[in-house]
Amino acid sequence: MTANPSPEGERLGADTPGGRRWRSPAFVVFPVVSALLVVVAVAGVAIGSTAVAWEVVARVIAAKVLPAGWIDPGSVSDADQAIVWLIRTPRVIVAGLVGAALAVAGTQLQGVFRNPLAESSIIGVSQGAALGAVVAFITGLTASSALWLPLTAFIGAFLALFTVYLIASQSGRAPVATLLLAGIALGAMITACSSLLISLSFVDWQIAGEIVFWLMGGLDSRTWTHVLICAPFVVLGLLVAFWYSRDLDLLLLGEETASALGVDVEPVRRAVLVAAALLTASAVSVSGVVGFVGLVVPHALRLVLGPSHRMLLAGSVVTGATFVIACDLLARTANPPGEIRLGIVTAAFGAPFFLYLLRQRRKEIGYF
């Protein structure tokens with residue numbers, strides 16, 4: 001006898017007819033997005049001020065990745081090898097890591113707050129990470145060790161997230177209006193603090209200008225060092241996110257129901273928030289403030305994959321990486337020989353989408 005589909009199954013993607021209905025698009029979405037990721041990654045390496053044929057890109061990368069002697073890059077010029085391996089490949093990898101980190105962090109924040117408008121840059125977490133990074137810059141900590149940048153960014157992100165959570169949380173929930181107002185106000189205050197520190201610091205104006213430019217978000221001059229700085233923290237944050245994916249599903253049913261089903265609510269919430277702060281800080285430490293990735297990607301995926309966090313998190317990794325690599329490619333090719341800041345490009349896509357979502361939820365928020 002077949003059990004009737006339950007609301008929980010439809011919402012969580014459980015093994016029910018309703019759950020299978022949500023999961024079936026994954027067999028189409030993941031291959032398509034994965035193929036698109038490969039295409040934009042190759043395009044990101046091949047396209048630029050100096051075009052490089054995709055065959056050359058494939059040969060150089062294969063020669064570096066595969067065991068010695070398997071591929072001979074001897075026919076490729078030293079200049080092309082340097083462009084592909086030392087300049088563009090690390091930039092594309094950093095862009096992928098940043099996109100995956102921000103998209104997964106947004107998915108986690110929306111799940112733990114049970115609020116579809118929660119996102120790192122909207123609720124002040126990215127600004128907090130940026131403030132921590134600015135402190136590392138102006139105090140000279142980054143000169144002593146590259147690890148100070150992600151560490152101070154994580155501290156700033158976590159403190160900002162904790163503050164917003166305290167202000168917006170009411171009986172374990174974060175109402176839309178309270179969350180947005182608290183996040184916008186805190187983000188503005190943190191940005192003002194960053195500007196004040198820059199203007200009052202004893203660094204010269206050239207360095208201060210570089211910091212301001214960095215705060216606008218960008219991936220210019222990224223090297224393998226930046227990959228090594230952020231990759232371990234991104235991987236750690238992703239592992240924690242996937243570990244608690246089932247608990248996030250149950251939290252969507254309400255804290256009392258989740259607790260009755262065996263979820264230790266407060267420790268789970270803290271772990272998820274720490275992971276989201278770690279992912280945001282890892283991204284900000286190498287890219288500056290890049291907004292709206294964690295808003296656009298989870299919503300787009302939720303429309304086709306449903307609310308199951310295991311699927312959403314996996315999709316966010318691939319789609320977030322694809323989105324930021326594509327935006328970065330657009331940023332550096334739209335106005336040659338100059339380069340548009342990455343944060344401007346992502347905001348151009350994300351801000352209208354955010355306003356649309358805000359408009360859709362006008363009854364709950366109480367204005368518009």
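User: What does Leu 161 touch, leaving aside its neighbours within four places in sequence?
Analyst: Leu 161 is in contact with Leu 109, Phe 113, Ile 123, Val 125, Leu 273 and Ala 277. Contact means heavy atoms within 4.5 Å. Note that this is a predicted model: local features need pLDDT of at least 70, side-chain atom pairs count only at pLDDT 80 or more, and totals for chains, interfaces and linings use all residues. Residues are numbered from 1 along each chain as its sequence is written, and side-chain values use heavy atoms, with hydrogens and water left out.

User: Which residues in the largest nonpolar core touch the most other members?
Analyst: Leu 161 is on that list, along with Leu 109, Phe 113, Ile 123, Leu 179, Leu 279 and Val 293. The core has 86 residues. A nonpolar core is a set of buried Ala, Val, Leu, Ile, Met, Phe, Trp, Tyr and Cys residues joined through side-chain atoms within 4.5 Å. Buried means under 20% relative accessible area, exposed means over 50%, and partly exposed is in between (1.4 Å probe, protein chains only).

User: Where does the largest share of this core come from?
Analyst: Helix H5 gives 16 residues, the largest share. Helices are DSSP runs (H or I, at least four residues), numbered from the N terminus.

User: What else is there besides that core?
Analyst: A second, separate core has eight residues, including Leu 117, Leu 180, Phe 354 and Leu 357. In soluble globular proteins, nonpolar side chains tend to be buried together.

User: New topic. Where is Asp 328?
Analyst: Asp 328 sits in helix H16, residues 309-333.

User: Is Asp 328 buried or exposed?
Analyst: Buried, because its relative accessible area is 3%.

User: What does Asp 328 form a salt bridge with?
Analyst: Arg 91, and the closest N and O atoms are 2.8 Å apart. A salt bridge puts a side-chain nitrogen of Lys or Arg within 4 Å of a carboxyl oxygen of Asp or Glu. This pair links distant parts of the chain, 237 residues apart: Asp 328 is in H16, and Arg 91 is in H5 (residues 78-113). Arg 91 counts as buried too, because its relative accessibility is 9%.

User: Which residues are linked with Asp 328 in a network of salt bridges?
Analyst: Arg 91, Arg 332 and Glu 339.

User: How many salt bridges does the structure hold?
Analyst: Five. One of them joins Arg 341 and Asp 220, at 3.0 Å from N to O. Those two are 121 residues apart, with Arg 341 in the loop between H16 and helix H17 (342-360) and Asp 220 in the loop between helix H10 (205-215) and helix H11 (224-243). Arg 341 is buried at 6%, whereas Asp 220 is partly exposed at 25%.

User: What about Glu 266 and Arg 269?
Analyst: They form a salt bridge, with the closest N and O atoms 2.4 Å apart. Both lie in helix H14 (residues 265-287), three residues apart, about one turn of the helix. Glu 266 is partly exposed at 36%, but Arg 269 is buried at 3%.

User: Now the surface. Which residues form a nonpolar patch there?
Analyst: Val 65, Leu 66, Trp 70 and Ile 71, with about 400 Å² of accessible area together. Patch residues have over 30% relative accessible area and no salt bridge; like charges are joined within 9 Å, and nonpolar side chains (Val, Leu, Ile, Met, Phe, Trp, Tyr) within 5 Å. Accessible areas come from the Shrake-Rupley method with a 1.4 Å probe; for residues, only the protein chains shown count as cover.

User: Where does Trp 70 lie?
Analyst: In the loop between helix H4 (54-65) and H5. Trp 70 counts as exposed because its relative accessibility is 61%.
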